[in-house]
Amino acid sequence: MGVNIKYNFPANFWWGAATSGPQTEGRFYKRHDNVFDYWFDKEPQAFFNQVGPNVTSNFFNSYKEDIQMMKSIGLNSVRTSIQWTRLIKDFETAQVDEDGLEFYNNVINEFLKAGIIPVINLHHFDLPVELYDKYGGWESKKVVDLFVLFAKKCFALFGDRVKHWITFNEPMVIVEGEYLYQFHYPKIVDGKKAVQVLYNLNLASAKVVGAFHKTKCAENGGKIGVVLNLTPSYPRSQAENDVKAANFVEDFFNRSFLDPAIKGEFSHTLVNVLKRDGVLWEATPEELTIIRNNTVDFLGVNYYQPRRAKAKEAPFDESKGWMPDKYFDDYKLPGCRMNPYRGWEIYPQAIYDIAMNIKNNYGNISWYLSENGMGVEGEEKYVQKDGSIDDQYRIDFYEEHLSWLHKAISEKANCFGFHAWTPIDCWSWSNAYKNRYGYIAVDLATQIKTIKKSGYWIKKVAQQNGF
Ligand code: BG6
């Protein structure tokens, strides 16, 4: 170990980065549209500078060079996702599209050739729009079963090489974006539907975990997990009504996925509230047994910002029907540190709090920090003479977060890795390319990719297994 290492990490620690199919590949030769493809075609003005998913970072065409660049900055593991809309020709039978199959085979093989562990996610907000139109998307248990079919196909096709699988990325964001707060198509506001979708996504994840556990891949030591955005919820004060509000936020936005994924059951306090309010999901005893018996092997935690809550200050407006907001108001901590570009609070200590929550309340299940990142607008202004971006602010951000992770690990948190968002600047949904997150910059006009200062930093961190 180098002499200047203050924070040493456990052996075989994952130093990697995460991205997704829809945010990198571009739509080249893709047979079907997902909800974002469709939304962009219909309403391009909803996307920053009207930049859509058509080209993104051109990974479909440049995956070989891109993976070489990821290797060159020392990443030992990378998460991306398989697009349902690219791999599958017929959603009802999960018949495969040959071009899609060839592409994902090539990508996986290229990662392995580069010595990078591919972590493959099955869903990153990219529901086929056809399944929304035909069945109501995640509102429907038919779609749950079609997703299981797709997942099984992926295990059969790639399970000989992919050893780390993820069922969903941030399923709560689907609930929030599509059914509560209108930032994902179809931008519905319907609390009751949101609750059913929340349940169906849990059911889908458990069914996929169950299917995976029956595969050869699992027999040979392959693992499956789920990636959750565990944004801790801090009360404004220790006053009883603030604490109660924050507790509800924890229940609805975190435990609603964390508890079923790890404990195999839903939080009783959440179920009681939803039942009392007449919005509880429809579930069968068989489904609840599936959820109980198919918990994940490991957990991915995405963390960007904390959430703060306070007791409601004005009566809840019932005119839109039931909403979780009936039980809390968001609270902005005066004077808190902010990332002004994304409008997110910066609070590194939350990493430690998350780790202790997993340790103390979730059996210290094996987990990794699957996303953490700093989106910055206008990074061109930090370009140095050699053409690289001096993103020291990103290095500082990561070091601060990692120091809290290190403290947690030294107190026996069972964390096996750190993935930054993201290896190469990528398309951020409706924010498009406004805020850049990558270790590697993309010039959108030329698609020229250049390693940033943080890319050289992570290379050194990975080599030294610390900093
Ligand atoms: C996570 C998602 O929520 O945050 C990514 O998994 C996303 O898909 C990332 O890109 C950064 O957020 P945003 O909204 O700035 O793209």
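Predicted model: local features only at pLDDT ≥ 70, side-chain atom pairs only at ≥ 80, totals over all residues.

Me: What is the phi of glutamine 50?
Reply: Most residues other than glycine have a negative phi. Glutamine 50 is not a glycine, yet its phi is positive. The value is near 55 degrees.

Me: Which loop holds lysine 187, and how many degrees is its phi?
Reply: Lysine 187 belongs to the loop between helix 8 and helix 9. With a relative accessibility of 25%, lysine 187 is partly exposed. Although lysine 187 is not a glycine, its phi is positive, at about 55 degrees.

Me: Which residue is joined to proline 186 by a cis peptide bond?
Reply: Proline 186 is in the loop between helix 8 (171-179) and helix 9 (191-213). Most peptide bonds are trans. Here omega is about 10 degrees, and the cis bond joins proline 186 to tyrosine 185.

Me: What is omega for the cis peptide bond that joins tryptophan 421 and threonine 422?
Reply: Threonine 422 is found in the loop between strand 16 (415-420) and strand 17 (435-436). The peptide bond that joins tryptophan 421 to threonine 422 is cis. Its omega is about 25 degrees.

Me: How far apart in space are serine 430 and glutamate 110, C-alpha to C-alpha?
Reply: Serine 430 lies in the loop between strand 16 and strand 17. Its relative accessible area is 23%, so serine 430 is partly exposed. In sequence, serine 430 and glutamate 110 are 320 residues apart; in space, C-alpha to C-alpha, the separation is 30 Å.

Me: Which residues come nearest to the ligand?
Reply: The shell around the ligand divides into six nonpolar, five polar and three charged residues. There are 14 residues around the ligand. Those that come nearest are His124, Glu170, Arg342, Ser428 and Tyr437.

Me: How much of the area that the ligand exposes when taken alone does the protein bury?
Reply: The ligand sits in the largest pocket. An N or O atom in the side chain of tyrosine 437 is 2.5 Å from a ligand oxygen, and for glutamate 170 a polar side-chain atom lies 2.7 Å from an oxygen atom of the ligand. In tryptophan 429, an N or O atom of the side chain is 2.9 Å from a ligand oxygen. Taken alone the ligand exposes 380 Å², and the share of this that the protein buries is 92%.

Me: Why does serine 62 count as buried, and which residue's side chain makes a polar contact with the side chain of serine 62?
Reply: Serine 62 is located in helix 3 (residues 59-72). Serine 62 is buried because its relative accessible area is 10%, and the cut-off is under 20%. Its side chain reaches the backbone oxygen of asparagine 58 at 2.9 Å. The side-chain partner, at 3.1 Å, is lysine 449.

Me: Is arginine 276 buried or exposed, and which side chain does it join in a polar contact?
Reply: Arginine 276 is part of helix 12 (residues 268-276). Exposed means over 50%, and arginine 276 is exposed because its relative accessibility is 59%. A polar contact of 2.9 Å links the side chain of arginine 276 to that of tyrosine 327.

Me: How far apart in space are serine 233 and alanine 246, C-alpha to C-alpha?
Reply: Serine 233 is in strand 8 (residues 233-235). It is buried, because its relative accessibility is 9%. Serine 233 and alanine 246 are 13 residues apart in sequence, and their C-alpha separation in space is 5.7 Å.

Me: What is the C-alpha to C-alpha separation of lysine 207 and aspartate 145 in space?
Reply: Lysine 207 is in helix 9. Its relative accessibility is 22%, so lysine 207 counts as partly exposed. Lysine 207 and aspartate 145 are 62 residues apart in sequence, and in space the value is 8.3 Å.

Key:
Residues numbered from 1 in each chain as written. Heavy atoms only, no water. Near = heavy atom within 4 Å. Polar contact = N/O pair within 3.5 Å; in protein donor to acceptor, adjacent residues only side chain to side chain. Areas by Shrake-Rupley, 256 points an atom, 1.4 Å probe, with all protein chains shown as cover. 1 Å grid on protein atoms, 1.4 Å probe; cavity = no way out; pocket = protein on both sides within 12 Å on 5 of 7 lines; lining within 4 Å. Sits in = over half its atoms within 2 Å of the grid points. Nonpolar A, V, L, I, M, F, W, Y, C, P; charged D, E, K, R; others polar. Helix = DSSP H or I, 4+ residues; strand = E, 2+ residues; numbered from the N terminus. Buried < 20%, exposed > 50% of the residue type's maximum accessible area, 1.4 Å probe, protein only.
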